[in-house]
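Please open the structure in the viewer and keep the selection tool at hand.

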Amino acid sequence: MAGYLVTDNRKVTTHRLIEMKRRGEKISMLTSYDFTTAGIVDKAGIDCILVGDSASNVMAGNATTLPITVEQMIYHARSVVRAVNRALVVCDMPFGSYQSSCSDGVRNAIRIMKESGCDALKLEGGAEIADTIKHILDAGIPVMGHLGLTPQSINKFGTYSVRAKEKEEAEKLINDAHVLCDVGCFGIVLEKVPSALAEQVSREISIPTIGIGAGVHTDGQVLVVADMLGMTQGFRPRFLRRYANLNEVMSDAIGHYVEDVKNGDFPLESESY
């Protein structure tokens with residue numbers, strides 16, 4: 001069944017994503033952090049793979065995305081790129097790699113692109129980082145924006161609850177989306193914002209919006225692959241749909257393996273040399 005909805009096997013590019021928005025074709029996006037998973041995700045027909053700084057949580061067990069480093073993001077992105085043939089690979093710029101200065105942002109962006117081989121980068125923030133984004137774009141690097149709940153700012157927010165419910169914050173988000181579009185971003189992730197607001201933004205700007213907890217009216221959707229496959233169990237936000245329960249499947253298989261080893265049922269003679 002892999003890739004059964006995909007008839008165009010050409011490499012997905014930033015330009016093709018904008019074309020998809022124009023013709024009303026929804027964009028599919030999932031995270032990946034390693035070679036094996038990325039290969040499966042790509043062959044299944046996904047349009048975009050996000051090497052998210054959520055690797056800090058999923059792969060390293062940190063409570064937030066803040067601890068992950070540029071070096072670690074390069075490692076994960078390089079592993080993903082090696083497995084991917086079709087999907088557009090977008091890598092998060094981690095916390096601290098672009099907030100301190102524009103020059104730091106450009107320097108780290110160039111390094112991530114050169115050493116990972118990814119196709120584009122994603123930065124969190126709006127008008128306040130527009131100048132940094134412009135300079136990264138001027139260096140020839142495609143940039144995706146990220147508005148709404150921006151996990152790198154969790155200590156400022158103090159909560160992972162829905163953002164932009166109040167008029168002032170909603171108006172800022174709309175303005176930020178226009179700024180990111182005008183400066184040259186090829187797309188924007190909208191995380192945990194009201195569906196009506198995401199619909200308005202998606203209608204007003206010419207670049208694709210990718211929602212996570214932002215309703216059905218965005219131009220595409222993204223989920224963390226370990227969450228949608230049911231590998232993680234404690235994280236249960238409203239927007240998460242589990243398409244499998246790999247936690248149970250893997251636990252059962254490993255338990256069966258342990259039992260076979262203990263009982264001397266593995267390996268069999270046919271499994272020996």
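In which sense do strand β1 and β2 pair, and over how many bridges? Select residues 27-31, which form β1: this strand and β2 pair in the parallel sense, over three bridges. The model in view is a predicted one. Within this pair, select leucine 30, which stands opposite isoleucine 49 of β2.

Next, display the strands from β1 to β8. They form a closed barrel of eight strands in the order β1-β2-β3-β4-β5-β6-β7-β8, with parallel pairing. From one strand to the next, the twist averages 25 degrees.

Now select residues 70-81, helix α4. The helix has twelve residues, and at 1.5 Å a residue it should span 16 Å; its end C-alpha atoms are 16 Å apart, so the two values agree. Colour Val70, Met73, Ile74, His76, Ala77, Ser79 and Val80, which are buried in α4.

Finally, turn to the cysteines. How many disulfides does the structure hold? The number is zero. Select cysteine 91, which is in no disulfide; its nearest cysteine sulfur belongs to cysteine 118 and is 5.0 Å away. A disulfide would require the two sulfur atoms to be within 2.5 Å. Cysteine 91 is buried, because its relative accessible area is 0%. Then select cysteine 181, likewise in no disulfide, where the nearest cysteine sulfur, that of cysteine 185, is 8.4 Å away. Cysteine 181 is buried, with a relative accessible area of 14%.

Conventions:
Residues are numbered from 1 along each chain as its sequence is written. This is a predicted model: local features need pLDDT of at least 70, side-chain atom pairs count only at pLDDT 80 or more; totals for chains, interfaces and linings use all residues. Side-chain values use heavy atoms; hydrogens and water are left out. Helices (H or I, at least four residues) and strands (E, at least two) are DSSP runs, numbered from the N terminus. The expected span of a helix is 1.5 Å times one less than its number of residues. Buried means under 20% relative accessible area, exposed over 50%, partly exposed in between (1.4 Å probe, protein chains only). Two strands pair if DSSP finds at least two bridges between them. Axes are lines fitted to C-alpha atoms, for helices over the stretch in contact, and angles run from 0 to 180 degrees between N-to-C directions.
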